[in-house]
Each structure stands twice: as structure tokens, then as C-alpha cells.
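Hello,

Here is the structure I promised to pass on to you. Have a look at it first, and then read my notes below.

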Amino acid sequence: MNLYLRLLMTLLRAWRAPRLAPGDTLERQLRVLPNDLDINGHMNNGRYLTVVDLMLVEYFVRTGFATAMLRQGWRPMSGGSLISYRRGLNPFQVYTLRFRLDATDQHWNYMRFEFVRGDKVCAAGYMKGAAVGRGGLVPNLESYAAMGLVPPAHALPLPVRDWIAAEQGVMSTAW
């Protein structure tokens, strides 16, 4: 099964599934497939983020954000990710991926994700995403209003604040 098939399955499932509100947790049981493996025989580090992207697609569809973006001519854009790996996922192992919106700022939405096997967290992190239009990043007040909502008023979690500070440091020293 390649990733296009996974994307198609994700879209079909998302269109049929009940609506989610921003901040609801989306959980999905998945299995490590042979094309997810790296040379060491466990799930490739890049594949974790690809699977997170698939969860983001489902989240967008189920919250109504995908419909709002299409109507407005906006595109989704990832602004970065932060992930820590603790335990490997081996071939054919079943794991649970938890995914939710944790916080927002003026433009960015910070999504928390966790890869869990049994009661052990194998990998966890955040990704940030926004809508982009012809004029650049769409303010969250505008993108949420397009869905008939207001952005959730959650304070940025400490790991996100630290990530933003580290990101600013990294980008300020870029060549």
C-alpha cells in the first residue's frame, strides 16, 4: 500500500466520520507497514511526520477547515515540526496516533501528536500549520471566522513557547 492509497483512505474515512470541533482529540489505530521501514528495520523517522500529515488532512476535513480553505482559495501550509523519538515501531506493530489542536496564535495552529504502543509513548511532538492565501498567511481570526468559529483561547504550552524561541534562534543564524 503506498501513501496515495493511504491518503485516499484517509479522505474517504474523514468525509464519512462525525464532525470534530477544534481541540477535540483524534485517535487512529495504525500499523507499521513494510514501506514505512528504514534500513534498521523500524519505522523511518520521516515516516512519522508523513503519518502526522495524514492525520492533519483528516482533522482539516472533519473540522470543516478544508471546506473553508477551498471556498476561500487558501492552501494549508506547514510551518515546522518538533518531534522526539523514544521507542522504535517495528514491522507490523499496531500503534495509536493521538492528534489534537493544542493552541493558536495570530497565524499558526499548534497541533500535538503522540505515537503510542500499549501504554508507552514511542514518539511525541508538535507541528504548526496555517492557511496561506494570495497575501500570505491568513490570520486565524479570519480563517476561523470562515468556519463560523473563533480561534480557541488556549495559552501556548511551555514546549511550544520554547520551540518558538529555539526556532527564532535557528533562523536568525541561518546562512
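A word on terms before the findings: contact here means heavy atoms within 4.5 Å. Among contacts in the protein chain with a separation of 6 or more, 72% are between residues 24 or more positions apart.

Please keep in mind that this is a predicted model, in which local features need pLDDT of at least 70 and side-chain atom pairs count only at pLDDT 80 or more, while totals for chains, interfaces and linings use all residues. Residues are numbered from 1 along each chain as its sequence is written, and side-chain values use heavy atoms, with hydrogens and water left out.

**Overall build**

The protein chain has five helices and six strands (DSSP runs numbered from the N terminus: helices are H or I with at least four residues, strands are E with at least two). Along the sequence they follow the pattern α-β-α-α-β-β-β-β-β-α-α. Of the 175 residues, 41% count as buried, meaning under 20% relative accessible area with a 1.4 Å probe, protein chains only.

**The cores**

A nonpolar core is a set of buried Ala, Val, Leu, Ile, Met, Phe, Trp, Tyr and Cys residues joined through side-chain atoms within 4.5 Å. The largest one has 34 residues, of which L89, Y95, F99, F113 and F115 touch the most other members. The elements that give two or more residues to this core are α2 (45–63), α3 (65–72), β3, β4 (109–117) and β5 (120–133), and α2 gives the most, with eight residues. Apart from this core lies another, of seven residues, including Y110 and W163. In soluble globular proteins, nonpolar side chains tend to be buried together.

**A closer look at T104**

Where does T104 sit? T104 is placed in strand β3 (residues 94–104), and it counts as buried because its relative accessibility is 11%. Leaving aside neighbours within four places in sequence, T104 is in contact with N109, Y110, N140, Y144, P151, P152, H154 and L156. With P151, 47 residues apart along the chain, the C-alpha separation is 6.9 Å. As for P152, its backbone oxygen lies 3.3 Å from a polar atom of the T104 side chain.

Enjoy exploring it!

Terms used:
Buried means under 20% relative accessible area, exposed over 50%, partly exposed in between (1.4 Å probe, protein chains only). A polar contact is a pair of N or O atoms within 3.5 Å; within protein, one must be able to donate a hydrogen and the other to accept it, and residues adjacent in sequence count only if both atoms are side-chain atoms.
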